[in-house]
Amino acid sequence: MSTCSVSKGCFVFKPSPKKRRVSQKTAVCFGEREDDSEDANLRFVTCQSLWNEIKSATEQIQEDLNQQFFDNLVSFLRRSHSEFQEKTTEWTCQMKSREIPTAALVLGVNVTDHDLTFRSLSEVLQNTITPYIALLEAKDCPGIKNLMQKLMGQLMNCYVDVDSLEDEDCVQVSQNRIRCSMSSLINWYNSVTKKTDSETPRKKRTSSSRHWQSPPVVVVFKDMESFSTEVLQDFIVISSQHIHELPLILIFGIATSPMIIHSSLPHSVSSLLCIELFQSLSSKEHLSTIIDKLLLTAQFPFKLGEKVLQVLINIFLYHDFSVQNFIKGFQLSVVEHFYTQPLSILCCQLVDAKNRVNSLSHNQCENIRRLPSFRRYVESQASEKQIALLTTDSYLKEIIQKLLEDLHVYHENYVSVLRCLHVFTSSLPKYPLGKQIRELHCACLENQVWETEEYESSLQLARMLNKSDLVTMLQQCVEIFVSSSGKEFDKTVEKLKEFLTQFQKLEEGEAFQEQDVSVSSQKELQKKTDLYHLQKTLLELKESRRSKKLTKFEMLRFEVVDYIDSLVRPQDSARDSVFQHSQRSPGAPQRCPEDCASYGFK
Amino acid sequence: MSRPEGEGGGLRVKFVPDEEVLKHIADDPGIKVRKDKTQLTLSVKTFVKKLEDISDDEAQEVLEEKKYVAALGIGTQDSMQNGSSVSGGEVYSFQTPKRASKMAELASELAQTPGQSVAPEHAECPEKTAKTPQSSKHSSSNKVQQKNEKKEFVSTTPYRLRKRLAAPDLYLESESEYSASCSEEEEDAEDQKEVSTVLSGRKTPAKTKAASTPPPRNTLAKKIKENKMSNLVEEYFEAHSSSKVLTSDRTLQKLRKRKLDQQTLHDLLKKAPLAYAAEIKELNEQHESLFSKWMLQLHLGFNIVLYGLGSKRNLLEKFRTSVLQDSVHLVVNGYFPSITVRSILSSITEEVLDHIGTFRSPLDQLEFIIKRFKEDSSLELYVLIHNLDSQMLRGERSQQILAQLSSLPSIYLIASIDHINAPLMWDQAKLSLYNWLWYETTTFSPYVEETSYENSLLVQQSGSLALSSITHVLRSLTLNARGIFRLLAQYQLENKDNPSYPGLSFQDFYQQCREAFLVNSDLTLRAQLTEFRDHKLIRTKRGADGVEYLLIPVDDSTLTDFLEKEDEDV
């Protein structure tokens with residue numbers, strides 16, 4: 001059947017039912033490359049499990065980040081309609097002013113992330129405040145009629161969901177018939193709340209237990225800016241007339257600035273709102289947290305290469321500020337890596353990886369031998385060892401296991417040392433190695449960081465730090481090392497603590513010494529008062545200061561910086577021997593091929 | 001350039017003394033005005049009326065008006081002498097620009113005279129009367145050349161050039177002419193020029209009068225500077241307009257070959273060898289190796305968009321036939337001229353989901369689809385859209401609906417775009433719904449299928465069809481009606497060289513029809529025209545001045561064919 005026609009533009013093709021494959025074809029797609037079909041399934045499973053892990057982790061992170069924000073919001077919602085609960089005349093008195101409690105959520109320009117935020121928000125609200133939530137989007141509501149339709153549809157449907165499915169039909173029918181007006185909404189609300197009152201035993205488990213007797217109705221405008229102002233105005237004016245009967249709360253999602261409410265709504269309308277502002281976490285902080293928890297951790301064996309990371313960060317910073325897009329890009333690189341690299345079956349937790357190394361086929365061993373990093377490793381070995389590595393599969397596997405272990409340890413240490421280095425460099429003037437830890441991370445991925453000019457200059461600057469800064473930094477470093485999972489940091493921690501005590505001592509000693517010096521010089525200045533002598537003494541003083549041996553503090557400072565330097569170097573030289581070897585080697589947190597992200601995003 | 005000069009010279013011997021020609025060349029704003037072709041539409045009546053309007057104000061102008069009328073008379077006489085067989089309509093049409101030039105002179109006259117004694121005005125009067133026949137004669141010379149079938153000459157460049165060359169002279173001359181007078185007269189000369197430029201912008205006389213009031217006095221130096229500036233500007237435009245002559249006129253119309261019909265063109269193109277066939281094949285094979293990857297990525301929730309030069313239709317077709325044979329899929333030809341989102345949604349609901357029933361709006365339909373796909377997780381649908389950025393689908397609402405559709409986890413969308421700015425269709429929200437992966441698939445293959453709904457320049461347009469329909473319609477009409485149509489067609493053919501020909505005004509047409517005894521009242525004419533209009537044989541257009549213009553929306557060659565055929569029949 002052809003798809004050319006002069007009378008039709010759409011063509012549907014349906015295969016005969018018996019031929020139709022219902023099976024998941026995704027795994028099959030993985031193995032359609034000719035050279036490495038054997039492990040395709042395993043690779044696919046690994047990929048999926050890894051991705052699911054990462055996904056749940058990111059969701060967890062996002063939830064945690066929004067926690068505070070939601071807590072504030074929930075308490076506001078509780079407060080705003082607590083009076084209504086008491087069902088006294090007080091409520092009506094209070095609401096004489098006809099103000100609708102309104103929460104304005106300033107969410108930032110990353111519109112694509114808002115969906116997730118609103119979804120979790122409605123979940124939270126459903127669990128804590130009210131079952132009656134309507135989420136409205138501007139594209140569904142070109143007019144007030146559509147808005148009311150949408151609103152009532154959502155509210156009544158949600159009621160059905162909360163209740164049970166048996167009387168769905170009647171509600172469905174009535175929904176279609178009901179004229180969409182505020183009064184019918186109020187009727188609905190009254191009937192629902194009354195029903196809840198009378199049928200408490202049945203509904204105990206759902207609404208009554210979590211919600212109050214008459215829960216408020218929350219209407220969320222997801223993208224307040226794109227609603228037409230007339231529609232918003234009409235809705236606000238109408239609902240303010242009925243606020244006595246219907247406990248309504250509005251939530252505005254705002255992408256730009258809270259000023260937009262006042263600039264888009266006339267005063268007469270905005271005065272009907274009782275607005276409280278809520279600021280969500282900025283997406284940049286959000287991203288930092290994500291990078292911190294996803295990339296700078298040994299938890300996930302998959303690591304992003306320098307260029308890919310750079311591309312993703314650039315898209316984020318210069319394009320959309322969207323954390324969702326960043327995660328999607330991350331997902332794409334994971335998929336691409338597993339799709340293109342046959343050895344990626346080893347990209348899993350260390351224990352599994354070891355097992356998998358043991359069961360590698362000959363083909364896969366050959367794949368390993370072809371890796372450039374492995375070749376370099378082989379070349380650095382003795383000749384008989386070389387032969388064994390290149391010919392005996394079992395020996396190779398043994399070595400690979402050891403290398404994998406080394407690599408794992410290296411990664412654990414890498415993170416701690418990176419954080420430690422970041423503590424030192426992040427407060428330097430002009431930030432030679434970047435302000436954010438991600439910049440430092442990128443620099444480290446790019447090449448041996450200690451060979452760069454920036455590293456040199458930052459060390460120079462670090463040698464000029466004052467004492468109090470230095471002490472706090474050292475304390476931070478100690479914390480990092482103590483909390484890290486690396487095993488070899490006991491000695492490091494000891495050494496750092498030693499430095500700290502030395503500083504402490506120095507402080508006492510120095511205070512005394514300095515006082516001494518100042519007093520003596522003071523005395524001398526007082527003695528000789530004529531100009532010539534004064535000049536001479538000053539010159540002498542200066543001279544002596546220049547040639548003076550470094551104070552103890554300065555000595556100690558140098559020592560500390562050198563130690564940090566040494567801390568960085570061995571770590572990185574460890575990387576030199578292990579990481580470089582296995583950069584593309586089995587199980588190594590492999591760099592996703594650079595090109596994968598380049599066409600993924602515009 | 002030299003040609004028109006020579007021609008003018010030849011006539012000059014006949015009619016006017018040298019110095020007046022010189023003056024005419026140097027100092028005739030009307031020449032410039034002539035360029036304004038819209039002036040052609042001015043009818044005699046309206047012009048005279050306007051003239052009266054102005055002259056009401058100042059009594060002295062009555063005299064001038066008479067001169068104008070005289071000048072008109074001379075003009076018509078001239079043209080009659082030159083081309084005795086010229087029809088009335090033609091005279092009118094060529095007369096008008098000259099009248100416009102008279103207007104310019106009148107305006108400049110006004111500019112010079114207000115508040116001044118009559119004496120200088122008198123001094124100029126003879127000069128003017130002398131001038132008028134000159135310009136009219138000029139127009140006639142123009143006509144002569146037209147008769148020589150010098151189409152190129154119709155382009156206004158020579159006149160403009162002449163004007164340009166004369167521009168410095170104008171300044172000098174006015175300087176010498178008014179050297180004894182004060183700077184005020186200097187200004188007047190300046191004004192004259194200004195008026196001429198204003199006039200060329202098709203201003204009503206009343207307006208030019210307003211514009212011609214003397215501006216606040218400035219220093220002489222500044223004036224001169226301005227004058228020079230304007231000369232510079234004109235030189236600039238001259239330099240750039242001259243490039244126009246260099247433009248090649250080798251258009252498709254000049255091809256000796258007749259236009260082909262669709263089939264022969266198609267056959268010819270088929271015979272033409274494809275350049276770099278091997279390389280292109282290799283390129284396509286590279287793209288085809290990505291199919292399994294695309295499948296994987298589609299299943300992981302991404303959607304795929306293909307961009308790059310060349311038709312991607314065959315690639316997608318290959319993808320469809322090689323990978324999607326065993327699954328439900330929908331192919332959408334975005335380039336199909338009457339494709340709509342609704343038809344896409346309908347084919348999903350009706351053919352994929354086997355739903356019988358209608359929906360109030362596409363949004364409802366979309367909601368239904370989303371609901372069905374969410375309920376039944378075994379449902380899967382691949383959607384292939386060729387040219388997602390086509391004219392019909394690029395609207396905001398359509399894209400929104402398609403984006404929402406594609407965001408469903410069990411709908412897999414793979415689409416191609418061709419417009420260079422196509423990604424501008426999508427804002428952040430839509431992009432996140434689409435969740436695109438971009439693949440550059442340059443194929444270099446011709447857009448044969450995609451452009452098959454468009455008309456080709458090389459193919460003969462529906463001319464033959466129009467001809468047959470014209471004859472068909474006319475055969476069923478009365479003799480008078482045919483005559484009416486003939487008149488209009490002839491008039492249009494006579495004016496085919498005029499690119500800004502607006503059509504024949506209804507009044508004129510009525511006059512002509514009456515003269516030919518074809519109608520007896522404008523009502524009958526209107527009734528006939530309605531008949532034509534219903535068959536789309538004529539088109540009416542309202543001009544800027546509210547006059548109705550009639551036009552036959554058929555190209556000239558068809559019209560000529562038609563007239564020839566009519567002649568044969570008669």
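Author: Buried residues (under 20% relative accessible area, 1.4 Å probe, protein chains only) make up 45% of the 570 residues in chain B. This is a predicted model, where local features need pLDDT of at least 70, side-chain atom pairs count only at pLDDT 80 or more, and totals for chains, interfaces and linings use all residues. Residues are numbered from 1 along each chain as written, chains are lettered from A in the order in which they are written, and side-chain values use heavy atoms, leaving out hydrogens and water.

Reader: How many residues of chain B are in contact with chain A?

Author: Contact means heavy atoms within 4.5 Å. Here 45 residues of chain B touch 42 residues of chain A.

Reader: What area is buried between chain B and chain A?

Author: The size of an interface is often given as the accessible area lost when the parts come together. With a 1.4 Å probe and summing over both parts, the figure is about 3800 Å², with carbon and sulfur atoms giving 56%. On the chain B side, Leu296(B), Asp326(B) and Trp438(B) lose the most area to chain A, together 17% of what that side buries.

Reader: And how many salt bridges does the rule find across the interface of chain B and chain A?

Author: The rule wants a side-chain nitrogen of Lys or Arg within 4 Å of a carboxyl oxygen of Asp or Glu. It finds three across this interface, and one salt bridge joins the side chains of Lys150(A) and Glu367(B), at 3.1 Å, N to O.

Methods:
Buried < 20%, exposed > 50% of the residue type's maximum accessible area, 1.4 Å probe, protein only. Buried area = accessible area lost by both parts, 1.4 Å probe.
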